[in-house]
Amino acid sequence: MRIKLDAFREELSGSFWFLPTVMVGIAIILALVMTRIDQMTLQTANPLLSWVYSGSADGARSLLSTIAGSMITVAGITFSITITTLSLVSSQLGPRLLNNFMRDRGNQVSLGTFVATFTYCLFVLRTIRSADEIAFVPHFSVTFAIALAVISLGVLIYFFHHVSTMIQAQNVIANIGNELEASIERLFSHQSGKSPYEYELRREDDIPADFDENTNFVTAPASGYLQTINYELLLQAAREGDLLLRLLYRSGDFIANRSEIIAFYPPQKLSKSIEKNIQKAFTLGTRRLRAQDVDFSIDQLVEVAVRALSPGINDPFTAIACLDQFSTTLATLAEHTIPSGYYYDTDGHLRVISDVVTFDGLVNAAFNQIRQHGRSDIAVTIRLLEVIAIILARTQSANQQGALVQQAEMIKRASDAVIFEENDRRDITKRYDLIMRIRNGKQTTAES
């Protein structure tokens with residue numbers, strides 16, 4: 001259930017309608033409360049209340065109408081600026097970054113403030129009655145509307161500043177890097193205690209010798225990106241049917257309809273009800289989510305870097321900024337133990353084997369395309385090697401070191417093939433030699 005809620009929460013966070021709708025609901029409640037206070041308060045001349053609006057019904061109508069009209073106009077302008085910003089981001093940094101801006105709280109709160117103020121004024125406006133009726137002027141409510149108008153003015157100024165800073169490449173890259181580091185801490189922290197996986201297989205015979213030969217498969221009921229996997233539900237279904245399950249996909253993969261998504265053993269023990277429970281454990285959607293997909297933020301940084309290295313843009317500084325983020329996040333990842341994905345029940349029986357990410361897979365995802373597109377760019381090549389040296393100095397195992405050294409060797413070979421200036425080659429060789437010294441234990445930091 002928690003996994004479903006996490007996915008639903010992430011879906012809501014990327015919508016423009018949810019937070020403004022909540023704020024409109026709060027505005028309606030405020031309008032009802034404030035008018036009720038006005039109805040219960042005797043309108044007497046009190047020097048302590050000199051700051052409260054004391055005009056006539058016509059004046060109150062005119063004031064509220066002016067505020068309401070201004071707010072709905074500003075809301076339209078705000079929405080237009082936001083759409084223009086999204087279009088600019090899509091063309092310059094990549095369409096997969098649109099969701100980052102749609103999830104931005106500053107944009108949502110700004111739009112919600114203007115719409116909520118408009119709604120508040122409408123609900124207060126309907127309660128005003130002139131002297132020829134049963135006269136009623138909600139003085140406190142009108143005063144509060146004036147306060148909301150002043151607050152909205154401040155929010156408008158904030159919005160202009162916020163939009164102008166949020167589209168700067170450095171800020172976009174830093175935000176993605178922060179999300180990547182948060183995903184690493186959430187998914188790979190020993191202290192999280194949120195998943196019952198094991199970091200190692202307890203016994204070799206926990207996996208039957210004939211598992212690969214005598215398995216059957218559960219197929220996907222629909223197509224889409226695998227957003228989340230409910231491992232607790234899989235563990236429960238496997239225990240109920242006395243099964244061993246092996247996942248064939250992980251979060252972030254695209255699954256075609258009727259594709260085999262999970263292998264189970266023994267094949268004769270799967271019932272229809274258990275099969276449905278297994279299928280319910282997979283959440284499919286039209287786009288990827290960050291809840292369990294650490295590759296997603298890596299792919300976003302790579303997309304920004306590759307676009308920056310394209311001939312049409314030719315912006316190596318943005319690509320280097322992406323590499324700077326990798327120097328922090330992948331070094332953090334190197335200090336964590338990535339689980340092997342073995343799930344045991346409370347009786348000690350192995351029930352689920354997940355398709356987990358690996359350190360070398362994430363390193364390849366981060367560096368392969370940048371290395372391929374930036375092979376002729378000397379500054380990017382040098383920074384790639386420097387970043388690898390920083391990460392290498394914080395690795396915990398020979399496998400991690402091997403993945404990074406392999407990248408360094410590919411970078412060195414590619415640079416030797418396309419870079420002919422002797423001084424540039426000497427700078428590249430200097431960084432490569434530093435990596436080799438760290439790998440061989442002759443240097444413990446990336447500082448030359």
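## Surroundings of Arg 290

Leaving aside residues up to four places away in sequence, Arg 290 touches Glu 10, Asn 99, Asn 100, Arg 103, Glu 179, Ser 183, Arg 186, Phe 296, Ser 297 and Gln 300. The model is predicted. With one of these neighbours, Glu 179, the side chain of Arg 290 forms a side-chain polar contact at 3.0 Å.

Arg 290 lies in a loop, with strand E7 (282–285) on one side and helix H10 (294–309) on the other. Is Arg 290 buried or exposed? Its relative accessible area is 6%, under the 20% cut-off, so Arg 290 counts as buried.

## Fold and dimensions

The chain contains 15 helices and 9 strands. Its radius of gyration is 29 Å, whereas a compact globule of 448 residues would have a value near 22 Å. Along the principal axes, the C-alpha atoms fill a box of roughly 90 × 65 × 40 Å.

Among contacts with a separation of 6 or more, 79% join residues 24 or more positions apart.

## Burial and surface

Of the 448 residues in the chain, 48% are buried.

## Charge

The chain carries 40 positive and 46 negative side chains. The centres of the positive and negative sets are 2 Å apart.

Notes:
Residues numbered from 1 in each chain as written. Predicted model: local features only at pLDDT ≥ 70, side-chain atom pairs only at ≥ 80, totals over all residues. Heavy atoms only, no water. Helix = DSSP H or I, 4+ residues; strand = E, 2+ residues; numbered from the N terminus. Rg over C-alpha atoms; globule rule 2.2 N^0.38 Å. Buried < 20%, exposed > 50% of the residue type's maximum accessible area, 1.4 Å probe, protein only. Contact = heavy atoms within 4.5 Å. Lys, Arg positive; Asp, Glu negative; His and termini not counted. Charge placed at Lys NZ, Arg CZ, Asp CG, Glu CD. Polar contact = N/O pair within 3.5 Å; in protein donor to acceptor, adjacent residues only side chain to side chain.
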